[in-house]
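I opened a new notebook page for this chain.

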Amino acid sequence: MERYEELLDAARAATGLEDFGDDSFLEGLQVLVRSLREEAQLNATGEHVLRQRIIGHLEQRLEIEDWYRRHPEIDEVQIKAPLIGVSLPRTGSTALSFLLAEDPDARSLRRWESSRPCPPPSTVTPPDPRIVQAQAGAAARREGVKGHVPESATGPAECQELMALDFKSHLFQAFARIPGYSAWLLEADLSSTYRYERRVLKLLQWGCPDKPWRLKCPTHLLFLEHLDRAFPDARFVMTHRDPTDVIVSVAHLYADYIGKFSDRVDLHDVGRLNVQHWSLGMERALAFRDKGNEARFHDIDFRAMQRDPVGAVRRLYEWLGEPVSASFEAGMSRWWQENAQNREPGAHPEAATYGLDLDQVRPLFANYTARMASWTGERS
């Protein structure tokens, strides 16, 4: 992996552009590249994939700023009251995002545009070539790494790729063991990250029908105070599940990805990393809710959604004060039936595989599990 300055130069050379916009991204880029160089032990595949990914994010920043330079009116686009999923990973939040994406009167962040927001979708005559490219990428991921969640090139994506444009994202630690970066991220200020995400959402919405956004990303749990500064009128939906099930499941996902890009995977380190980040994330989320934000949250138990997914979304929309159209309901029912085999992966390894003693993990989430039951009305 080259020095970060060389990666900046590679992006400039590829695009012929110079302006990366606000330099808030530089610290994260520097920390990330240093961790990749000194800690990650990447194999040849990892070196190639991570290098291309970093340069790709830099190229997109250059192109985003160029579009704003040529069309300053993009900044006048309004992002109004988005609904943002802020759950722990592996709690059914991805399935929920796919159900919400069936609403023809709302707007999700689509996978094909999340990694390449430029050019703005409204400027491209269909069919957009990025869809075909994203379909190929999805097929390669399914072949190279065990399927863990529903995935579609035209379906919804997490905010991770947009956050990666500021180089503050969990995306990177899911691909490589980078403890220096992971520790730095926990204490980073993501205000600039979410400002830039809002900037990209404006570009994606520019020239398109004005529809409310449906977004989601587990990482938001750790940074709700920062997220709130960029989206002060946002409302939040949380899906809930036993956190010990969550930790083993997400550790299994991390291990699969890291194992593709490194020839050495420390499974115990993967377990510790996820316990640290998600227990702290939930502590911060509880604190945020307690600061007068409780009414901005709607809660859905994992089991309730498994029993009646359409009913769970109906209750969410009642809370939002928005209708569920017949076409929306039909789309949800169709998607749920067609993707039944993708909703839950196969059996996971034992917690001990990741050096975890679940009896020691449970107390770290005790405050959360006590509140979870009162929020959802579901008992263990």
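These entries record what I looked up, in the order I took the topics.

**Entry: aromatic pairs.** I kept in mind that this is a predicted model. I began with the rings. A ring pair is described by the distance of the centres and the angle of the planes. My count came to 15 aromatic pairs. I noted the cut-off: over 60 degrees counts as edge-to-face. Where do Trp67 and Trp206 lie? Trp67 is in helix 3 (residues 44–70), while Trp206 is in the loop between helix 9 (191–205) and strand 3 (213–216). The pair therefore ties together parts that are 139 residues apart in sequence. I then checked burial, where the limit is under 20% relative accessible area. Trp67 is buried at 14%. Trp206 is buried as well, at 16%.

Next I took Phe175 and Tyr257. This pair is tilted, with 5.7 Å between centres and 50° between planes. It also links distant parts of the chain, 82 residues apart. Phe175 sits in the loop between helix 7 (160–164) and helix 8 (179–187). Tyr257 belongs to helix 11 (residues 243–261). I found both Phe175 and Tyr257 buried.

Entry: I listed one aromatic cluster made of Phe20, Phe25, Phe167, Phe172, Tyr181 and Trp184. I then turned to helix 8. Its buried residues are Tyr181, Ser182, Trp184, Leu185 and Leu186. What covers them? The cover includes helix 2 (25–38) and helix 12 (267–293).

**Entry: charges over rings.** I logged two cases. Arg61 lies over the face of Tyr196, at 4.1 Å from the ring centre. Arg289 places its charged end over the ring of Trp375, 3.6 Å from the centre.

**Entry: nonpolar cores.** I looked up the largest core and got 96 residues. Those with the most contacts inside it are Leu36, Ile54, Leu58, Val86, Phe231, Phe236 and Met282. Which element gives the largest share of this core? It is helix 11, with 11 residues. Another core lies apart from the largest one. That core has 21 residues, among them Ala106, Ile300, Met305 and Val324.

**Entry: cavity.** I found 1 cavity of 30 Å³ or more. The largest cavity has a volume of about 110 Å³. It is lined by 16 residues, and closest to its centre are Gly85, Ser97, Leu100, Leu215 and Lys216. Strand 1 (83–85), helix 4, strand 3 and strand 4 (235–240) each supply at least two lining residues. Helix 4 gives the most, with 4 residues.

**Entry: second largest pocket.** I recorded about 320 Å³ of space here. The lining has 19 residues, of which Ala101, Ala106, Arg107, Ser108 and Arg110 lie nearest the centre. Two or more lining residues come from helix 4 (93–100), and likewise from strand 2 (107–108).

**Entry: Asp9.** I ended with Asp9, found in helix 1 (residues 4–15). Buried, exposed or partly exposed: which applies to Asp9? Asp9 counts as partly exposed, at 44% relative accessibility. Asp9 and Glu76 are 67 residues apart in sequence. In space I have them 31 Å apart, C-alpha to C-alpha.

Note on methods:
Residues numbered from 1 in each chain as written. Predicted model: local features only at pLDDT ≥ 70, side-chain atom pairs only at ≥ 80, totals over all residues. Heavy atoms only, no water. Phe/Tyr/Trp six-rings, centres within 6.5 Å; stacked < 30°, edge-to-face > 60°. Buried < 20%, exposed > 50% of the residue type's maximum accessible area, 1.4 Å probe, protein only. Lys NZ or Arg CZ within 6 Å of the ring centre and 35° of its normal. Core = buried A, V, L, I, M, F, W, Y, C linked by side-chain atoms within 4.5 Å. 1 Å grid on protein atoms, 1.4 Å probe; cavity = no way out; pocket = protein on both sides within 12 Å on 5 of 7 lines; lining within 4 Å. Points joined across faces, edges and corners; volume = space filled by probe spheres on them. Contact = heavy atoms within 4.5 Å.
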